[in-house]
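Subject: Structure handover

Hello,

Here is the structure I said I would pass on. Please open it and keep it beside this note as you read.

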Amino acid sequence: MARPIKSRKVEFIPQATYFIPLGKDEGQVEEVILKVEELEAMRLKDIEGLTQQECAEIMEVSRQTFQNIIDSGRKKIALALTEGLAVNIKGGNFSFSSCEIKCKSCNKSYDINYIKDRDICPSCSSKKVVCKKKNKGCSRWCSK
């Protein structure tokens, strides 16, 4: 009996989740399904420039599992680009990494996942924000 798949931690869900080659309609083209955790693996390694070990720790998987995830995602993207397939980002086995932030100016608390302006309060735009957990089980943002 195979081991159950562990949920992978992700910090980012894209707003655009469907990409079609230019000149083709949705009904005219085959698609590849890119899992959310495959996109996250490529984002961490290829865009953020983290090491494989750092990526695996953030996603809470082993290095070998991380390598399998990123290999699968890269193969799907290469296939879509070379064969003119659509890319549909959906599904997978993941959960969100999040951080609970409190603004010292307006006293509001909020959870963040992946926000580029994570050091700015979304309510009052203050830069006086702190992690409520103070590095106790929080995502990687609070340790920066």
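Below is what was found, from the whole chain down to one residue.

Please keep in mind that this is a predicted model.

The overall layout

The protein chain has three helices and eight strands. From the N terminus, the order is β-β-β-α-α-α-β-β-β-β-β. Of its 144 residues, 33% are buried. Contacts between residues at least 6 apart in sequence were also sorted by separation. Of these, 66% join residues at least 24 apart.

Helix α1

Start with α1, residues 36-47. This helix has twelve residues. From first C-alpha to last it reaches 15 Å, close to the 16 Å expected at 1.5 Å a residue.

Is α1 largely enclosed, or largely open? Nine of its twelve residues are buried, so α1 is largely enclosed by the rest of the structure. The buried ones are V36, E37, E38, L39, E40, A41, M42, R43 and L44. Note that charged residues are on that list, E37, E38, E40 and R43 among them.

Just after α1 comes G49, with a positive phi of about 75°.

Where α1 meets α2

Helix α2 spans residues 52-59. The axes of α1 and α2 come within 9 Å and cross at roughly 140°.

Which residues make the contact? From α1 come E37, E40, A41, L44 and K45. From α2 come Q52, C55, I58 and M59. By type, the contact residues divide into five nonpolar, one polar and three charged.

An α-helix has 3.6 residues a turn, so residues three or four places apart point the same way.

Residue L34

L34 lies in strand β3, residues 31-34. Is L34 buried or exposed? Its relative accessibility is 2%, under the 20% cut-off, so L34 counts as buried.

What does L34 touch, leaving aside residues up to four places away in sequence? Two of its partners, L39 and M42, are also buried residues of α1.

Best wishes

Methods. Residues are numbered from 1 along each chain as its sequence is written. This is a predicted model: local features need pLDDT of at least 70, side-chain atom pairs count only at pLDDT 80 or more; totals for chains, interfaces and linings use all residues. Side-chain values use heavy atoms; hydrogens and water are left out. Axes are lines fitted to C-alpha atoms, for helices over the stretch in contact, and angles run from 0 to 180 degrees between N-to-C directions. Helices (H or I, at least four residues) and strands (E, at least two) are DSSP runs, numbered from the N terminus. Contact means heavy atoms within 4.5 Å. Buried means under 20% relative accessible area, exposed over 50%, partly exposed in between (1.4 Å probe, protein chains only). The expected span of a helix is 1.5 Å times one less than its number of residues.
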